[in-house]
Number of protein chains: 2
Amino acid sequence: MAADSQLHHEIQGRLQQIDQLYTRGRQSIVEALVEAGSPITLPELLGRAPNLTQSSAYRNLAMMEEAGVVRRLVHSTDHAHYELAEDLTEHHHHLICRQCGLIKDVTLDKRLERTLDTAFDKLAADAGFQPDHHDIDVFGTCADCAGT
Amino acid sequence: MAADSQLHHEIQGRLQQIDQLYTRGRQSIVEALVEAGSPITLPELLGRAPNLTQSSAYRNLAMMEEAGVVRRLVHSTDHAHYELAEDLTEHHHHLICRQCGLIKDVTLDKRLERTLDTAFDKLAADAGFQPDHHDIDVFGTCADCAGT
DNA sequence: TTGCTTGCAAATGATTTGCACTGCT
DNA sequence: AGCAGTGCAAATCATTTGCAAGCAA
């Protein structure tokens, strides 16, 4: 709970920086994302917070992405998935089930992450890129779908 | 040239396996992807092969994705990008410019790839996943946009 | 011929937007 | 009162699909 109110406070701060209020509806979105625990789609979000309206949810998610509060993931043709920004949670990657679309968060060990960052920095530099973030998605079949 | 006709032959084989012909239009798509050298969007594809029609291009790309000939990348809200399947080219990852959307292919060294695969297999196993592929996208700013 | 492919135009579905209304401050 | 936020309904835009006509085996 303490961690939660800390989170809400931090978020309010980030919204303030772009002159936005942390309204009840926006809090509902954040709470739904926290409770979900992994990236969810807009319909899923509305299911978890029925007080929300589709258009406002889209609007607020877009605004909060601006504010660095949420992140939008696009892996498939249909619904994008949303999760809290990484620096509000933890640096992590995704295990994605090709069958059902389930997305599971996973973390790599620090040493390996450091190795990767070094490798990416070098690669990017060679290509004239200035890297600022990396995503790793591992595709496969989840336990449920494997049993099909 | 030799490598190219080899490629076309291989592709024709893959299409045959799902009872599809390697028609002129489909060849145009593949040629455009080869010439592009990096993932391109549908409008870009049509620009490179003006003989193509939008709907047929979409249809054929979808079918060729089925056949394991092309891959569809979805990183942003707008147009998806298409590239040849990895086993027709080479295992690689993407450097993506946040400003202009440019996507550049890069490869990691074999040793690091092996380390990663091992790590992912372990992670996935712990989560009950059966992994079959990984994508790594490095986001940042490309040389052109950095000069803005 | 005999279907598989194509092109055109219309449909679909996620996301966005206009506008009038509600609720803070 | 005054303006940011919301909900509703209509608009967008990438992608998909139905159908009639063209092309390859």
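Protein contacts with DNA strand C

Modeller: In this predicted model, a phosphate oxygen of DNA strand C is 3.3 Å from a polar backbone atom of Ala80(A), a polar contact being a pair of N or O atoms within 3.5 Å, where within protein one must be able to donate a hydrogen and the other to accept it, and residues adjacent in sequence count only if both atoms are side-chain atoms. Local features need pLDDT of at least 70, side-chain atom pairs count only at pLDDT 80 or more, and totals for chains, interfaces and linings use all residues. Residues are numbered from 1 along each chain as its sequence is written, chains are lettered from A in the order in which they are written, and side-chain values use heavy atoms, with hydrogens and water left out.

Biologist: What share of the atoms of DNA strand C that come within 4 Å of the protein is sugar and phosphate?

Modeller: There are 17 residues around DNA strand C, counted as near if one of their heavy atoms lies within 4 Å of it. Those that come nearest include Tyr58(A) and Arg59(B). Sugar and phosphate account for 64%.

Biologist: How many charged residues does the surface near DNA strand C have?

Modeller: Asp, Glu, Lys and Arg count as charged, Ala, Val, Leu, Ile, Met, Phe, Trp, Tyr, Cys and Pro as nonpolar, and the others, Gly among them, as polar. The surface has 3 nonpolar and 10 polar residues, and the charged ones number 4.
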